[in-house]
Structure formats: C-alpha cells, structure tokens
Amino acid sequence: MKRDINLRHFEAVATAGRLGSISNAALALNLSQPAITQAVAKVEAQLGHALLDRQPTGVTLTRAGELMSARIERALAYIVRGGNSVRRSARLPSLPNIERRITFGQLRALLTVDQAGSFAMASKLTGLSEPALHRSARELEQLLGILLLARHGRTVQPTPAATNLLRFARLALAEIEAGFDELAALRREGAGRIAIGTLPMAQTILLPRALARFSRANPAASIDVVEGPYADLLAGLRNGQLDFLIGALRDPPPVGDVVEEAIFDDDLVIVARKGHPLASSDFLDPARLRDFPWVIASSGAPMRTRWDAIFAEYELEPPRVKIESNSVTIGRGLMLNDDWLTLMSRDQFIFERRAGLLAEVRGHFSSKRKIGITIRDDWRPTQLQAAFVTEFKAACKDWTSEKLMERKPFRYA
C-alpha cells in the first residue's frame, strides 16, 4: 500500500484502451478529453511504460497497456463487488458506478486501521496524519451508508460489513500489484513476486526442490513462503495476500470460491523412534497401539480424522491423546525423546529415517491423502506465478519417480 494509486486515472487508461479513443473514454467516464489525456499521461509516467499507442484514428493498447488494463478491470470489479455487498448487507440499494466513487485513499485508510488496530498506529505506518485517516474512513462510511470501524476500548476494529469489504479491497490491490509485476517482467525477464502458503508436507522435500530450481532459473524473482495453520493460510489466499497454497487438500474444499488440484497421493504411516518397542515387529497387534502415548493433530483436522479411522477399522477405541499438535517439529521432538507415536507422511521424516533416528511402525495402518495446489476460483496468475506452479508439479513428478525407483528391486539384464 506504499504506492500512490489514483483509481480514476487507472480506469481512464483501461477505458480508453477498451473503447479505442480518448473521446469515447471521456464520454463514458463523464470527463473532458484533456482530463483523460492528463490521467493517462500521469499513469504512464508513474509506471514508466507507454500504455496507449496514439494514432490519428484513435488509440490502441501497447503490450504493457494490455497487461495493466486487464488488471485494472479486475481490480475495479472487486471494488464493485465489495462495495455493493456492504450495501446489500444493510438492505441498501446498489450504488451505480461505485468504483468511481470509492478512492484508493479511503481503502488505504480502512486497510491500515484494520492492520494497525488504531488510527494512531495507522498514522505511523502510512505517514499520514490521524485526521486525514479519520476523514478518509468517515467519507467511505458515508458513501456506503454503513458503519465500518467501531471503537473497542483503545482499539478500533472493523465491523462485519467492513471485514467483507476488506477482503475485496485486498483482492483489488493484489490485482494492481500483479499488474506492476507484469510490467516489471517486461523490463527484466523473471521479475515479479510470488507469495506461497505452505502446509507441513510440502516443506520437507518438494517445495525446497522447486524453490531451488526456480530461483536458479529466475534470479530476479522475489518469493515469499508463509507457513501457518490451514485456516490462516486459506484466509490469506482468499483475500489475495497469498497466490496459492501447497500441501494436503481438503475433501471437499471448505469454501466454494477455491479450487483444488491434486498432484499426487501421499502415504501416511505411524512413526516412532528407532528402537521403539513397536518399530521392530513386522506383524503388530493393532491393540498395542493403545499402549503408548500419542501426539496427533487437533480434533477436526484431516490428519486426526485419518488417525481415528485406523482404530475404527480394527473396532478399537482410540487411546486418549496426551498432546494435540499440528506441528511436525513438536512431534519429531517428542518421538526422539521417548516412546511417543504419531501419524505422518513418509516424506516428512525421510531425513530422520535415513539417519536412523525414526522408523515406520509396520502393519496394515497406512492411509493416503491428496497433495496438491489450492487457488482462488477466479485467480489469474502472472506468467511468473504460472511458471512456478509448473516447476512445482515437475518437482513432484521427479520425486515420485525417485521413490518408485528406490522401491523397485534391481534386476540384472
């Protein structure tokens, strides 16, 4: 949000390009031709790219203009959806041309106050005065006809209506930032940013491999990898702060506006320390799994559901869980120090297995889950983002082939 964005100027570029002339854009936006010309010139100067090719018969979009205009149109559509959804929640009629009434300054005030928790902290983050932020927030509330920020003690928090608007505002800004990245890639191949949300399974082998290969091929790329609980990562994906999620898929997806793509099946097995009483037997009585402490994912998590299914298959009551944790690191630490058991992917403890620290508890206990990528249903990736998805899929395919070769018995020709 550090950029100074004038949404009306950006809309002027997209409209002129779509309609093919400055005069048509002026009529559509109810502005003068000099105002449209000036707006286009300001945006081109800000971006450092010519966006319109001027001809005696009109204007056409340059390649930079095509890329940026597509992002502007998507950003404005998100603002329309967000603004009118707030109005509908208050049983108010939609506002025509709402995207031309909401300003970037108003959205920035709302976003920053939500992030900071107060106008004072928001002022420090933006460098804007508290009165200016107050004014922008109140103007937006008056425009939409609904309270957006409510004071709770010393903090200021968004109302439910504002929370909905904030999501669409973040999606709009993510589109504009994607446009900036695509223009940067025109100057320097491979430039741009990628924000990845990662779940534990992908962190051990697959994501590091893909990152290493992709970074070598695209040294100008900036990649942000975010770890966290699934619910937090899903929220980041849905509001545009993350481009995609990598890891175990949910079946079905928890919300209707995301799409999951399965890439491969992951084996889940029971794991213990090397030398554990259950790790040395090839034919284990399932009832013995109840004799040792477990660290397992919290109730409701997919891993916990699969754990419950193991005991249900043998008509056994699951043992009391002593520690609930979604952290693979915590689980490893417990197993390395005592006779704890857990359920995890074979790939998640590959290094400890090779080092002779952890072992699989053998038996008919294995389960499978789908590993893949989760995206927003209307996501339009930049060329760089699409290239990384392709690289990650290649890394998964290579790793699957390697594991098959390891398990395949050697035969002489």
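Buried here means under 20% relative accessible area, exposed over 50%, and partly exposed in between, using a 1.4 Å probe and protein chains only.

**Figure 1. The whole chain, as a predicted model.** By that cut-off, 50% of the 413 residues count as buried. You'll find 16 helices and 13 strands; these are DSSP runs numbered from the N terminus, with helices being H or I of at least four residues and strands E of at least two. Along the principal axes, the C-alpha atoms fill a box of roughly 85 × 65 × 35 Å. Local features need pLDDT of at least 70 and side-chain atom pairs pLDDT 80 or more, while totals for chains, interfaces and linings use all residues. Residues are numbered from 1 along the sequence as written, and side-chain values use heavy atoms, without hydrogens or water.

**Figure 2. The largest nonpolar core, with its 59 residues.** A core like this is a set of buried Ala, Val, Leu, Ile, Met, Phe, Trp, Tyr and Cys residues joined through side-chain atoms within 4.5 Å. Leu144 and Leu148 have the most contacts inside it. Helices that each supply at least two residues include α4 (63-89), α8 (130-144) and α9 (160-187). Of these, α9 gives the most, with 12 residues.

**Figure 3. Close-up on Leu144.** Skipping neighbours within four places in sequence, Leu144 is in contact (heavy atoms within 4.5 Å) with Gly83, Val86, Arg87, Leu92, Ile98, Ile102 and Leu165.

**Figure 4. Another core, of 24 residues.**
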